[in-house]
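Welcome! Have a look at the structure below, and then let us walk through some of its features together.

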Amino acid sequence: MTQTRKGGNAPKKLKFSEKLVGKGLSTDAFLKKLKALHEELASLEQENVDTKSLSPVNRELISTSILLHKDRGVKAYAACCLSDLLRLFAPDAPYTSSEIQDIFEFFVKQLHIGLKGADSSYYTQYYHLLESLSTVKSVVLICDLPQSERLMTIFFRDFFEIVKRNLPKAVEMFLAEILVALIDECQVLAVDVMETIMKAFMDKDASMENSSYHLAVEVCNATADKLQRHVCQYFTDIIVSHSEAEDFDEVEKAHELIKRLNHSCPSLLHNVVPQLDEELKVEDVRLRQMATQVLGEMFADNAGGNLDKKYPNTWGLWLARQKDKSPAVRVSFVEGCKGLLLHVRDDLRSSMETVLKSKLFDPDEKVRAAVCKLYTNLDYETALHHVSEEMLHCIGERTKDKKHIVRKEALTCIAKLYSIALPEIDNNDRHAIAHFSWIPQQIFHAIGTSLEVKPIATKVVAEYVLPLPSKGDDAEAWTDQLLTTMSFLDEKATNALFGISGLKAARPSIFDRYIEACIQHNGGVIDENEAGVKRNLSMTIKQISSLFHNPQTAADDLQTFANINEQRLYKLLSTCIDAQTDLKALVKALGEFTRRTEQANSSILPTMLAFVRQASLWIVNQSSVPTLIKRLRRADASAASQNSNRRADAAADNAQKLLTVMSKHLPTIFKSHVSELIKCIAEDANARLVEACLQALAAVSRAINGVAPTDKRTLERLMRFSRSPDPRHSKFAVRVIANTSQSEDLCGQLEEYICESLKSADPDLLLAHVAALTELVRSCPDAFEQKSDVIVEFLLKNTLMAENDADNMDVDEDTEWIPENVLPSLARAQVQCLKLFRFRCLKFSESESAMDVARPVIKLLIAVLENGGSPKAGMEINPVVKSHLRLQAAKSLLCLSTVDAYAEEMTPNFSLLAFTIQDTCYDVRLRFLTKLIVLLHARKLPPKYSLILFLTVHDPEEELKQKAAGFVALAFRRSPPEYRLTHFEMIFIRLLHLLAHGADFGLSEESMKEQAAYIRNYVQSIATADNISLLYHLAAKAKTVRDAESHTYSENLYALSELAHEVIKRHAKVHSWSLPSYPGKVKLPSDIFRPLPSPEAANKASHPFYRSASCT
């Protein structure tokens, strides 16, 4: 207790001489006396008082008639008088131990009952009492009492209740000072006191605005040295006792408390942190997890100071948990790192990013996923300023992870970060663009990785990258967001976006057929043709479910949806996938569809939403068309005013790409915009807008009867475009004209004009005329055939056979490819001629004169390939132009091969066409492969064309190999057994034949290793336990025939047969497959093989021609 007694003047005596205790005294009189006594005692100074004069009142004040008086005022003033007496008698008290105990119990009771607020009765007296106890510290007298622990517990319990009453800050300060004094002076700290303090830290509202929490913090920080040992013991008791009982919920609460103490009172934990060290070493995984998690958050808490430097040993032990033997602990380590990413110290933040980067390659997928998830929850400012671009790119690379959970978290992470950064990207913030704009491209690249990745990537695009608006009222903002995102995509990513947009899907689609099948199924209540209806639904479901990552789950969910049989759901689903549905209707229908499906059966909702994403136009639809046109118009307007900006140009470029894709694949989307398209083509000064709108108008005119323009002014404008020197304007104008009601007359006039103009046309006009003629062949062939002989002869002699001036091309000698639109006009016209000849052949494919028309064209196209791109040997043509001509010739031959008679005509030169896939020019190879895949996907080509896909194994570009392998895997998995047999399995013998005719074939070990790679690639892609014996049988059958061309090729074939045997046997061994004899009969193709002429030849063929295990 504070002692301030000093010497000085003569001590003052108490003047109050009235009796306090007596009979017949009214409460008012009693209060009057106590008030007078309190005022005099309060005025006396401790160092200048005659304590003997106080003796009469100090005995009366502790009488039961006062301490137990029924009036609150009497007790309030009595408490003030007693506190004043204790101040004046300090450091000694004029009472016995039991009396002191009664007094302080009286004090705390009065405060607990009466101290409620400044407007409450006797607040001034309670405030005086509290201030006196705080200032004089007389409360420490209880520390020497036998019942000190009980009294301290009462003080702490009641004070933590009092402080919750929203009292003035001064009162909170007095309470804190009193409790601090008690802790400082006590010999033993009661467990209940510790419980009371710790309970305040566990309040849900653990903030300094919470008065009880604030009181606990003030008390603990002021008595940290005294409390350290008690806090350590407190936690030791909890953790040890509850760990032994495996009550980890309580242990977890204790660790949460440690974390809070570290935030507000870190000095309390001096002995607790080493205890956490030990937890990091224990065998119990749960304890290691909790210690790892809490320490990570403690190290990140800036309020705790530089904990890593204060406890370097603990820091080291914690860092070592990144390599803990338990994946669960490593996950906890990662989760505990979040705060460290936000740390004010750059060195700490940087070192943790390095650690987390390494954890992206942890052997356990849960750890890798945890790192991705950690970054998912960051806010924009943190991700921008505290996460390096390199780290974000590393997370982006995890989208290619082998494990589904990691890919999912990585895709979600980067997509969500892009979503929160998009407003700043829209504002053209260069930091946001540099940091996050690459993300959409990474996601769209992932879409093409595999069937397993595509649904997840599509889902995150729908949720974060290109979400539908909540109401659908602002189609312009929705479309602009798409254009912004597209500005950061390369060609591959853009194609992936188009792939999931629904624009390229054939309509009516399999999804439309599913809805129709559901309606016919009628929940299983079928009146007619029950077996046929059920079979139709089952086949449709099987076809759709093959598009999902988990086909069985998808099939079950689609069947469940059909069984629900709710007509409203069918109507909503039809609205969602209808190409004519606008944005507002789509958003409304999808919202209701989601709610109703969830109510009907929530478990099928993910599958049905994925169904909608595959079937509907949720990225761009007919509501986007006005905005796309507007962006084209705006960019050209700004260019005209010499105020062009890159962003507007990029938006216009992407708008044109979208309009082009719509025109090519879904022209009906323009049905409600025909009048706007007609207006746009009148804006002659805006060439790009005119081109896009002409193409759209041409597409919709061909797709929908009766929508082509009929007014005289528009037709005159279209005729003018068809004669213009712009090849695209000319082509699309002809297409529109060909679909008008006056097409025959107008197309005839146009052909007459072009026929007269060809001879005098300059290269630019020549190109445009050839483009127009090509479109006439496609759209109005009768008009073209009126003067076809003259035109074809001119094009062949004066255009295709004309030599290009190589000096006019500004390209390096080593350059093999430039975009077609920057080729010289004559070169482009030559490429266009090959297209014209191809389309003319296709138009004649069903006529009696088909071969008369096609045979010279096929011969010409073969000559182009044989001459490396020249229509005839010895022509001086630039290598770049040759590449384009080779490509066009090869693509034309592929297209002509869709006609059986033409394909038969090309059989002798099939190998020449097939090896185009190994052209020296990458762009030729890629575009040839792309065209091949399109035609194979549509099942338009004969079976042997599938083997071209297996010739990419030695391609230097991984992208091209993956494209071929991806299509093979997908097509083989989805195809019915009969199609697999003809297009993938039986072609094996043709593959061996083709390799035997290869220019690079040889019997050297190096050459045979290359041949083995072809065979191994095929076997790894196609072989299964069911067909391995067939492949082995086909390889053997190669030695029972001879090549149709020469004996040399036969010997090559026999060597490949032996090589294939070895490859197949090794593959079967690796997969533990048996190799039984093939039970069926196989007929080898007669167009490439002949029977062996004699038994001697058969015997010779049976002998080994090549044998080297090192090649397989």
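Contact here means heavy atoms within 4.5 Å.

## About the model

This is a predicted model, in which local features need pLDDT of at least 70 and side-chain atom pairs count only at pLDDT 80 or more, while totals for chains, interfaces and linings use all residues. Residues are numbered from 1 along each chain as its sequence is written, and side-chain values use heavy atoms, with hydrogens and water left out.

The term pLDDT is the predictor's confidence in each residue, from 0 to 100. Its mean over the chain is 88, and 96% of the residues reach 70 or more. Over residues 2-8, pLDDT stays under 50.

## A charged residue inside

Let us begin with D84, which is found in helix α4 (residues 72-89); helices are DSSP runs of H or I with at least four residues, numbered from the N terminus. Leaving out residues up to four places away in sequence, D84 touches H38, L41, A42 and H128.

Is D84 buried or exposed? D84 is buried, meaning under 20% relative accessible area, where over 50% is exposed and in between is partly exposed (1.4 Å probe, protein chains only). Yet D84 has no salt bridge, and R87, the nearest side chain of opposite charge, is 4.1 Å away. A salt bridge needs a side-chain nitrogen of Lys or Arg within 4 Å of a carboxyl oxygen of Asp or Glu. As for charge, Lys and Arg count as positive and Asp and Glu as negative, with His and the chain ends not counted.

## Salt bridges

By this rule there are 48 salt bridges. In one of them, the side chains of E105 and R150 meet at 2.2 Å, N to O. Because E105 lies in helix α5 (residues 97-114) and R150 in helix α7 (residues 148-162), the pair ties together parts that are 45 residues apart in sequence. E105 is partly exposed, at 23% relative accessibility, and R150 is partly exposed as well, at 36%.

R886 and D919 also form a salt bridge (2.7 Å, N to O), and both residues are buried. Another joins E793 and K797 (3.1 Å, N to O). Both E793 and K797 lie in helix α44 (residues 788-800), four residues apart, about one turn of the helix.

## Helix α12

Which residues are linked in a network of salt bridges? They are E256, K259, R260 and E297. In α12, the buried residues include K259 and R260, along with F248, V251 and L257.

Methods: Helix = DSSP H or I, 4+ residues; strand = E, 2+ residues; numbered from the N terminus.
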